[in-house]
Amino acid sequence: MKPLEGIKVMELALYVLGPSACAILADWGADVIKVEPLEGEPMRGVKSTGTFEMKDRNFLWEVDNRNKRSITLNLKKEGAGEIIRRLVLGSDVMVSNFLTESLERYGLDYESLSRINPSLVYATANGYGQKGPDKDKAGYDNAAFWGRSGIMATLGEPDTPLCQQPTAFGDHITAMYLAGGIA
């Protein structure tokens with residue numbers, strides 16, 4: 001038996017950070033249901049990392065979305081809220097990397113969801129956090145983690161070009177902490 005067998009996770013996340021954390025939870029036995037926009041998770045369409053081309057497979061999508069089930073849902077449409085409420089009622093955990101503003105707009109903030117399911121473990125993470133002056137700014141890995149944190153400046157030798165960032169380096173590190181915190 002895996003440690004999280006019997007645990008149900010609702011994933012409302014895009015790109016890497018949230019999906020990677022949920023892939024780890026799925027590896028640990030959780031039943032993860034990923035809620036994707038109608039057009040699909042944007043990472044499904046990635047064909048290049050900027051370093052190399054992916055011709056036959058999108059390993060970036062596959063590695064962070066393994067062992068999950070997916071549904072598509074337009075959060076802006078009438079009736080979407082009822083579907084979310086049913087998912088929340090049947091979930092033990094909700095994971096998101098949406099901005100605070102978006103979570104509040106769609107009634108997906110902690111206060112709203114905890115009224116539906118008081119025992120829900122609510123886990124969110126994004127580039128600049130849920131509070132402070134940058135909470136509503138999108139924080140992608142190479143700017144928020146790699147550049148702004150100062151990690152990029154600490155690697156390499158003085159007076160040499162900056163190191164190239166490995167793809168989703170900070171997102172995957174943060175996802176491990178998020179999954180551990182949820183567990």
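Me: Buried means under 20% relative accessible area, exposed over 50%, and partly exposed in between. Is Tyr110 buried, exposed or partly exposed?

Reply: The model is predicted. Tyr110 has a relative accessible area of 39%. That value falls between the cut-offs of 20% and 50%, so Tyr110 counts as partly exposed.

Me: Which residues of helix H3 are buried?

Reply: Helix H3 spans residues 80–89.

Me: Which helix is included in what covers the buried residues of H3?

Reply: The cover includes strands E1 (8–12), E2 (31–36) and E3 (68–72). It also includes one helix, at residues 110–116. That helix is H5.

Me: How many aromatic pairs does a search of the whole structure find, and how is the pair of Tyr110 and Tyr122 oriented?

Reply: The search finds 4 aromatic pairs. The rings of Tyr110 and Tyr122 have centres 5.6 Å apart and planes at 70 degrees. Planes over 60 degrees apart meet the cut-off, so this pair is edge-to-face.

Me: How many residues apart in sequence are the parts that the pair of Tyr110 and Tyr122 ties together?

Reply: Tyr110 lies in helix H5. Tyr122 lies in strand E5, residues 121–124. The pair therefore ties together parts whose separation in sequence is 12 residues.

Me: What is the angle between the planes of Trp146 and Phe169?

Reply: Trp146 and Phe169 form an aromatic pair with centres 5.2 Å apart. Trp146 lies in helix H6 and Phe169 in helix H8, so the pair ties together parts 23 residues apart in sequence. The pair is edge-to-face, with an angle between the planes of 85 degrees.

Me: Which residue joins Trp146 and Phe169 in a cluster?

Reply: Trp146 is buried at 4% relative accessibility. Phe169 is partly exposed at 28%. Ring pairs link both into a cluster with Phe145.

Me: How many nonpolar residues are in the lining of the largest pocket?

Reply: The largest pocket holds about 1000 Å³ of space. It is lined by 41 residues, with Leu14, Tyr15, Val16, Asn97 and Tyr140 nearest its centre. E2, helix H4 (100–105) and H6 each supply at least two residues of the lining. By class, 13 are polar and 7 charged, and the nonpolar count is 21.

Conventions:
Residues are numbered from 1 along each chain as its sequence is written. This is a predicted model: local features need pLDDT of at least 70, side-chain atom pairs count only at pLDDT 80 or more; totals for chains, interfaces and linings use all residues. Side-chain values use heavy atoms; hydrogens and water are left out. Buried means under 20% relative accessible area, exposed over 50%, partly exposed in between (1.4 Å probe, protein chains only). Helices (H or I, at least four residues) and strands (E, at least two) are DSSP runs, numbered from the N terminus. Contact means heavy atoms within 4.5 Å. Rings of Phe, Tyr and Trp (its six-membered ring) pair if their centres lie within 6.5 Å; planes under 30 degrees apart count as stacked, over 60 as edge-to-face and the rest as tilted. On a 1 Å grid over the protein atoms alone, a cavity is a set of points where a 1.4 Å probe fits but cannot get out, and a pocket is an open set with protein on both sides within 12 Å along at least five of seven lines; lining residues have an atom within 4 Å of a point. Grid points are joined across faces, edges and corners, and a volume is the space filled by probe spheres set on the points. Ala, Val, Leu, Ile, Met, Phe, Trp, Tyr, Cys and Pro count as nonpolar, Asp, Glu, Lys and Arg as charged, and the others, Gly among them, as polar.
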